[in-house]
Amino acid sequence: MTNILGTFPEYLLTGKLDEIRAKEYSYLDEQNHIYVDYTGAGLPARRQYHAHKARLDGATFGNPHSVNPTSHSATVLVEMTRKRVLSYLNASPDEYQVIFTPNATGAAKLVGEAYPFRKGSKLVLSSDNHNSVIGLREFAGRAGSRTSYVPVQAPDLRIATSAITTALPRRKNWRLKKSSSARRGLFAYPAQSNFSGVRHPLSWVSLAQERGYDVLLDVAAYLPTCALDLSTVRPDFVILSWYKLFGFPTGVGCLIARHDAMARLRRPYFAGGTVEAVTIGVPWHKMAANESAYEDGTLNYLSIPDVHIGLDWLSSIGMELIGARVRCLTGWLIKCLLTLRHTNGEPMAIIYGPTELRSRGGTVAFNLLDKTGKIVDDRLVAKESSAARISLRTGCFCNPGAGETALGIGAGTLSGIIRAKPNTAEEFWNLSGLPSGGAIRVSFGIASTVRDVDYLVAFLIKAYRDRETNTDGLPPRGSC
């Protein structure tokens, strides 16, 4: 710890998290795990599991779509959790509603399939988006809307605000024509990149809205280490997966949406629980008037209350404390990676994204370089780090835009690859001519300690310093 304190003395102020690690996350040390994949999934505290068991031991719960005692018990807890979500995000129920989904992907799909795309409207995406958001272009294209992308700039993998304003030009006298049918389209971006950790400005929300666009904000990678106040930042749609924040429950996400934005959507489908009435003799249905219209079938009523428990747990610790620790560990890892050298003096690592801590979260994407200067194949790192009981992430992280920019894959190269019609991810990457199919991603969270960083760095030195690597015996590449 002495080394990190020399650079980040404020790390000492986060000592409470060491106590929490020892009590609530002790299974990491008991099972000999080094976990540095918090952008992939948060980790649950023991108390979350205990609370879940105690709830199930103390009551009986049934399908909420009824008025019987077990249904009432489930309904009460689900509705309490809706209120807790709004409270946590400082969102007024007069302005926002909470729709439970299986995950952030499900939330994005709800918006995409129901959004009023049409000829003349636009879908504007930052190139730094998760596949689940990029997939909205399929809905837009079917409706005749055009999709455009705001480029990511190397080497920091940031997006210039000037590029956003260019992609979202003002329309003269738009305010005079503002109505539910006059929205110019949808702008979607992540508050934090799941590839590079870059935190994109929340000010883009109001910038886009002033230009006539609805805004979908992906906060799945942002919320685990940073607070969001929906009383000051007012996106039309917010998507997230709760396991990203606190590991348990899985299979529960949310679409948190403004009432006026939801009124612009038109669902192309109805299901059990989403309608007030349906007829067969004459094809007719009336959608439910509240969030139920978007919650298909029976909710995951045994797990949704665990979101309440998780939010209470994070609130008891404080996001400022979590954020401070993650910031220190991120800076320490970056410093260590930048100073890694082979004995011939050549660097051992290349970082994709910011190497400073301004406007970035606790995610670091990088590749290793062997002694010849060649990129170490990420599949080899995945294999060998797993053998060392280290859980990190490799690949392109379902973020092709940031990955293409980081690895230097231009439109010309992509066009040539697509014309060749590759059948597998392995064929795609072989045609690209790149030395590796992605990168290594390390990310920190609530239970991370400096020991995790030091162990990881020691492993990298032992495994790859002065080594020439190859791809012999590695499995085929998987999909992104």
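Two strands pair if DSSP finds at least two bridges between them, and helices (H or I, at least four residues) and strands (E, at least two) are DSSP runs numbered from the N terminus. The views below come from a predicted model, in which local features need pLDDT of at least 70 and side-chain atom pairs count only at pLDDT 80 or more, while totals for chains, interfaces and linings use all residues. Residues are numbered from 1 along each chain as its sequence is written, and side-chain values use heavy atoms, with hydrogens and water left out.

**View 1. Strand 3 and its parallel neighbours.** Strand 3 (residues 122-126) and strand 4 (residues 146-150) run parallel and are joined by five bridges. Within this pairing, Leu 125 has Tyr 149 of strand 4 as its bridge partner. Strand 3 also pairs with strand 5 in the parallel sense, over four bridges, and Val 124 stands opposite Phe 187 in strand 5. Five of the five residues of strand 3 are buried; buried means under 20% relative accessible area, exposed over 50%, and partly exposed in between (1.4 Å probe, protein chains only). Lys 122, Val 124 and Ser 126 point one way from the strand, whereas Leu 123 and Leu 125 point the other way.

View 2. The structure holds nine aromatic pairs. Tyr 189 and Trp 204 form one that is tilted, at 5.1 Å centre to centre and with 55° between the planes. Rings of Phe, Tyr and Trp (its six-membered ring) pair if their centres lie within 6.5 Å; planes under 30 degrees apart count as stacked, over 60 as edge-to-face and the rest as tilted. Because Tyr 189 lies in strand 5 (residues 185-190) and Trp 204 in helix 10 (residues 204-210), the pair ties together parts that are 15 residues apart in sequence. Both Tyr 189 and Trp 204 are buried, and together with Phe 187 they form one aromatic cluster.

View 3. Phe 195 belongs to the loop between strand 5 and helix 10, and Phe 397 to the loop between strand 14 (393-395) and helix 16 (400-407), 202 residues apart. Phe 195 is buried, with a relative accessible area of 2%; Phe 397 is buried as well, at 8%. Arg 441 lies over the face of Phe 397, at 4.8 Å from the ring centre (a charge sits over a ring if NZ of Lys or CZ of Arg is within 6 Å of the ring centre and within 35 degrees of the ring normal).

View 4. Four strands form an open sheet in the order 11-12-15-14, with antiparallel pairing. Strand 11 (349-352) and strand 14 are the edge strands, each pairing on one side only. Strand 14 pairs with strand 15 (residues 439-443) over three bridges in the antiparallel sense, and Thr 394 has Ile 440 of strand 15 as its bridge partner. Helix 14 packs on the sheet and touches strand 11, strand 12 (363-368) and strand 15, where contact means heavy atoms within 4.5 Å. The direction of helix 14 makes about 15° with that of strand 12; axes are lines fitted to C-alpha atoms, for helices over the stretch in contact, and angles run from 0 to 180 degrees between N-to-C directions.
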